[in-house]
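Subject: Structure handover

Hello,

Here is the structure I promised to pass on. Please open it alongside this message.

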Amino acid sequence: RKGVLLPWMINTSVSAAASTRSTSTAFCSMPKALLQWGVIDQGIPFFAETATVWPSIVAVLVWRELPFVVISFMAGLQAISSDQYQAAAIDGATSWRSFWHITLPNLRPVIVVVGLMITIGAFNNFIYVWLTTGGGPGTYSQVLATQLFTTAFVDNHLGRGAAVGLLMSTVMLAFAAVYMFVVLRASDD
(Lines give C-alpha, C1' and ligand atoms only; values in the text may rest on other atoms or scores of the structure.)
Protein backbone atom coordinates (compact mmCIF):
# COMPACT_ATOMS: atom_id res chain seq x y z
CA ARG A 1 0.00 0.00 0.00
CA LYS A 2 2.75 2.47 0.92
CA GLY A 3 4.82 1.43 -2.09
CA VAL A 4 2.33 2.95 -4.52
CA LEU A 5 3.51 6.44 -3.47
CA LEU A 6 7.17 5.68 -4.14
CA PRO A 7 7.28 7.16 -7.67
CA TRP A 8 5.87 10.45 -6.34
CA MET A 9 8.39 10.58 -3.50
CA ILE A 10 11.39 10.25 -5.79
CA ASN A 11 12.71 13.44 -7.36
CA THR A 12 11.85 13.69 -11.06
CA SER A 13 15.48 14.05 -12.13
CA VAL A 14 16.51 11.06 -10.03
CA SER A 15 13.75 8.86 -11.45
CA ALA A 16 14.67 9.88 -15.03
CA ALA A 17 18.33 9.06 -14.36
CA ALA A 18 17.36 5.78 -12.70
CA SER A 19 15.21 4.90 -15.70
CA THR A 20 18.03 5.39 -18.18
CA ARG A 21 20.46 3.52 -15.97
CA SER A 22 18.06 0.67 -15.28
CA THR A 23 17.56 0.02 -18.99
CA SER A 24 21.13 0.44 -20.22
CA THR A 25 22.99 -2.75 -20.93
CA ALA A 26 26.12 -1.56 -19.16
CA PHE A 27 24.56 -0.75 -15.82
CA CYS A 28 21.50 -2.70 -15.30
CA SER A 29 19.49 -5.47 -14.11
CA MET A 30 16.68 -5.60 -16.66
CA PRO A 31 18.78 -6.13 -19.81
CA LYS A 32 21.07 -8.53 -17.95
CA ALA A 33 18.08 -10.54 -16.72
CA LEU A 34 16.55 -10.64 -20.21
CA LEU A 35 19.91 -11.84 -21.60
CA GLN A 36 20.23 -14.53 -18.93
CA TRP A 37 16.68 -15.80 -19.48
CA GLY A 38 17.31 -15.98 -23.22
CA VAL A 39 14.55 -13.51 -24.06
CA ILE A 40 17.01 -11.35 -26.04
CA ASP A 41 20.31 -12.18 -27.74
CA GLN A 42 22.00 -8.83 -27.18
CA GLY A 43 21.39 -5.72 -25.08
CA ILE A 44 18.69 -3.28 -26.15
CA PRO A 45 19.43 0.43 -25.78
CA PHE A 46 15.80 1.27 -24.93
CA PHE A 47 16.20 5.05 -25.01
CA ALA A 48 18.50 5.09 -28.04
CA GLU A 49 16.50 3.21 -30.70
CA THR A 50 13.47 4.56 -32.51
CA ALA A 51 11.58 1.29 -32.03
CA THR A 52 11.83 1.38 -28.24
CA VAL A 53 12.25 5.03 -27.25
CA TRP A 54 8.55 5.98 -27.04
CA PRO A 55 7.43 2.81 -25.23
CA SER A 56 10.29 3.41 -22.77
CA ILE A 57 9.29 7.04 -22.15
CA VAL A 58 5.64 6.02 -21.79
CA ALA A 59 6.63 3.32 -19.29
CA VAL A 60 8.50 5.91 -17.19
CA LEU A 61 5.53 8.31 -17.34
CA VAL A 62 3.06 5.58 -16.37
CA TRP A 63 5.28 4.57 -13.45
CA ARG A 64 5.55 8.20 -12.36
CA GLU A 65 1.83 9.06 -12.69
CA LEU A 66 0.42 5.82 -11.29
CA PRO A 67 0.19 7.15 -7.69
CA PHE A 68 -1.95 10.10 -8.80
CA VAL A 69 -4.30 7.79 -10.68
CA VAL A 70 -4.52 5.24 -7.86
CA ILE A 71 -5.18 7.84 -5.17
CA SER A 72 -7.78 9.63 -7.30
CA PHE A 73 -9.65 6.42 -8.07
CA MET A 74 -9.46 5.24 -4.46
CA ALA A 75 -10.99 8.54 -3.34
CA GLY A 76 -13.67 8.25 -6.03
CA LEU A 77 -14.51 4.69 -5.01
CA GLN A 78 -14.72 5.61 -1.33
CA ALA A 79 -17.13 8.43 -2.16
CA ILE A 80 -19.68 6.00 -3.62
CA SER A 81 -22.36 5.23 -1.06
CA SER A 82 -22.67 1.57 -0.10
CA ASP A 83 -26.45 2.09 -0.03
CA GLN A 84 -26.45 2.13 -3.84
CA TYR A 85 -24.80 -1.29 -3.97
CA GLN A 86 -27.13 -2.67 -1.32
CA ALA A 87 -30.18 -1.43 -3.21
CA ALA A 88 -28.84 -2.95 -6.43
CA ALA A 89 -28.24 -6.27 -4.66
CA ILE A 90 -31.79 -6.26 -3.31
CA ASP A 91 -33.06 -5.62 -6.85
CA GLY A 92 -31.06 -8.64 -8.02
CA ALA A 93 -28.28 -6.85 -9.90
CA THR A 94 -25.14 -8.84 -10.66
CA SER A 95 -21.74 -7.45 -9.79
CA TRP A 96 -21.17 -6.60 -13.46
CA ARG A 97 -24.44 -4.61 -13.63
CA SER A 98 -23.55 -2.85 -10.35
CA PHE A 99 -20.19 -1.90 -11.79
CA TRP A 100 -21.73 -0.72 -15.07
CA HIS A 101 -24.66 1.22 -13.57
CA ILE A 102 -23.28 2.39 -10.20
CA THR A 103 -19.49 2.41 -10.10
CA LEU A 104 -18.78 3.69 -13.59
CA PRO A 105 -21.30 6.57 -13.58
CA ASN A 106 -20.10 7.69 -10.14
CA LEU A 107 -16.47 7.55 -11.27
CA ARG A 108 -17.11 9.40 -14.55
CA PRO A 109 -16.02 12.83 -13.16
CA VAL A 110 -12.89 11.27 -11.67
CA ILE A 111 -12.10 9.48 -14.94
CA VAL A 112 -12.48 12.66 -16.96
CA VAL A 113 -10.49 14.87 -14.59
CA VAL A 114 -7.70 12.31 -14.16
CA GLY A 115 -7.59 11.76 -17.93
CA LEU A 116 -7.35 15.48 -18.63
CA MET A 117 -4.73 16.05 -15.93
CA ILE A 118 -2.60 13.18 -17.25
CA THR A 119 -2.99 14.47 -20.82
CA ILE A 120 -1.99 17.99 -19.83
CA GLY A 121 0.98 16.68 -17.84
CA ALA A 122 2.11 14.42 -20.67
CA PHE A 123 1.74 17.21 -23.21
CA ASN A 124 3.93 19.51 -21.11
CA ASN A 125 6.45 16.78 -20.40
CA PHE A 126 9.90 18.19 -20.80
CA ILE A 127 11.97 16.68 -18.06
CA TYR A 128 11.55 12.97 -18.83
CA VAL A 129 12.07 13.35 -22.56
CA TRP A 130 15.03 15.68 -22.12
CA LEU A 131 16.79 13.74 -19.37
CA THR A 132 16.26 10.31 -20.88
CA THR A 133 16.78 11.00 -24.59
CA GLY A 134 17.54 14.69 -25.14
CA GLY A 135 14.87 14.55 -27.85
CA GLY A 136 16.68 11.79 -29.69
CA PRO A 137 17.61 9.55 -31.31
CA GLY A 138 17.96 12.38 -33.77
CA THR A 139 14.76 14.33 -33.20
CA TYR A 140 12.53 11.25 -32.99
CA SER A 141 11.32 11.85 -29.44
CA GLN A 142 11.04 15.63 -29.65
CA VAL A 143 7.90 17.03 -28.03
CA LEU A 144 6.85 20.67 -28.14
CA ALA A 145 8.51 21.41 -24.80
CA THR A 146 11.88 20.01 -25.90
CA GLN A 147 11.45 21.67 -29.30
CA LEU A 148 10.92 25.00 -27.57
CA PHE A 149 14.03 24.53 -25.42
CA THR A 150 16.19 23.38 -28.32
CA THR A 151 15.03 26.13 -30.66
CA ALA A 152 15.24 28.98 -28.16
CA PHE A 153 18.22 28.09 -26.01
CA VAL A 154 20.38 25.61 -27.92
CA ASP A 155 19.97 27.00 -31.46
CA ASN A 156 19.52 30.56 -30.08
CA HIS A 157 16.43 31.29 -32.21
CA LEU A 158 14.38 33.05 -29.55
CA GLY A 159 11.61 34.18 -31.92
CA ARG A 160 10.99 30.66 -33.19
CA GLY A 161 11.12 29.36 -29.64
CA ALA A 162 8.55 31.96 -28.62
CA ALA A 163 6.31 30.82 -31.49
CA VAL A 164 6.53 27.22 -30.25
CA GLY A 165 5.72 28.46 -26.74
CA LEU A 166 2.71 30.35 -28.07
CA LEU A 167 1.50 27.20 -29.83
CA MET A 168 1.93 25.22 -26.60
CA SER A 169 0.04 27.89 -24.66
CA THR A 170 -2.84 27.81 -27.15
CA VAL A 171 -3.15 24.03 -26.92
CA MET A 172 -2.93 24.16 -23.12
CA LEU A 173 -5.61 26.85 -23.07
CA ALA A 174 -7.90 24.48 -24.99
CA PHE A 175 -7.15 21.67 -22.52
CA ALA A 176 -7.73 24.04 -19.59
CA ALA A 177 -11.09 25.12 -21.06
CA VAL A 178 -12.18 21.49 -21.39
CA TYR A 179 -10.94 20.79 -17.86
CA MET A 180 -12.82 23.76 -16.39
CA PHE A 181 -15.98 22.80 -18.29
CA VAL A 182 -15.82 19.26 -16.89
CA VAL A 183 -15.06 20.39 -13.34
CA LEU A 184 -17.82 23.01 -13.31
CA ARG A 185 -20.29 20.57 -14.86
CA ALA A 186 -19.36 17.91 -12.30
CA SER A 187 -19.82 20.38 -9.42
CA ASP A 188 -23.31 21.24 -10.71
CA ASP A 189 -24.37 17.56 -10.62
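My notes on the structure follow, from the whole chain down to single residues.

Before you start: this is a predicted model, where local features need pLDDT of at least 70, side-chain atom pairs count only at pLDDT 80 or more, and totals for chains, interfaces and linings use all residues. Residues are numbered from 1 along each chain as its sequence is written, and side-chain values use heavy atoms, with hydrogens and water left out.

**Overall fold**

The chain has 9 helices and 0 strands. Here helices (H or I, at least four residues) and strands (E, at least two) are DSSP runs, numbered from the N terminus. In order, the elements read α-α-α-α-α-α-α-α-α.

The radius of gyration, taken over C-alpha atoms, is 21 Å for the chain, whereas a compact globule of 189 residues would have one near 16 Å. That globule rule is 2.2 Å times the number of residues to the power 0.38. Along the principal axes, the C-alpha atoms fill a box of roughly 65 × 50 × 25 Å.

Of the 189 residues, 29% are buried. Buried means under 20% relative accessible area, exposed means over 50%, and partly exposed is in between (1.4 Å probe, protein chains only). The accessible surface is about 12000 Å², and 65% of that belongs to carbon and sulfur atoms. Accessible areas come from the Shrake-Rupley method with a 1.4 Å probe; for residues, only the protein chains shown count as cover.

Contact means heavy atoms within 4.5 Å. Among contacts between residues at least 6 apart in sequence, 55% join residues at least 24 apart.

**Cores**

A nonpolar core is a set of buried Ala, Val, Leu, Ile, Met, Phe, Trp, Tyr and Cys residues joined through side-chain atoms within 4.5 Å. The largest one has 11 residues: A16, F47, V53, I57, V60, L61, Y128, V129, V143, A145 and M168. Helix 4 (53-78) and helix 7 (127-132) are the elements that give two or more residues to this core. Helix 4 has the largest share, with 4 residues. Apart from this core lies another, of 6 residues, including I80, A88, I102 and V114.

A145 of the largest core is also one of the buried residues of helix 8, along with T146, T150, T151 and A152.

**Aromatics**

The structure holds 6 aromatic pairs. Rings of Phe, Tyr and Trp (its six-membered ring) pair if their centres lie within 6.5 Å; planes under 30 degrees apart count as stacked, over 60 as edge-to-face and the rest as tilted. F126 and W130 are stacked, because their ring centres are 5.7 Å apart and their planes are at 15 degrees. F126 is partly exposed, at 27% relative accessibility. W130 is partly exposed too, at 26%. F126, W130, F149 and F153 form one aromatic cluster.

**Helix 9**

Two residues here deserve a look. S169 is in helix 9 (residues 158-188). S169 counts as partly exposed, with 44% relative accessibility.

At 23% relative accessibility, Y179 is partly exposed. Leaving out residues up to four places away in sequence, Y179 touches V113, L116 and M117. Y179 and I120 are 59 residues apart in sequence, and their C-alpha atoms are 9.6 Å apart.

S81 caps the N-terminal end of helix 5 (residues 82-90), with a side-chain oxygen 3.2 Å from the backbone nitrogen of D83. Just after helix 5, G92 has a positive phi of about 90 degrees.

Most residues other than glycine have a negative phi, and most peptide bonds are trans. Two spots stand against that background. The peptide bond from G136 to P137 is cis, with omega near 0 degrees. P137 sits in the loop between helix 7 and helix 8 (144-154). N156 has a positive phi, near 60 degrees, though N156 is not a glycine. N156 is in the loop between helix 8 and helix 9, just after helix 8. At 57% relative accessibility, N156 counts as exposed.

Best wishes

Conventions: Polar contact = N/O pair within 3.5 Å; in protein donor to acceptor, adjacent residues only side chain to side chain.
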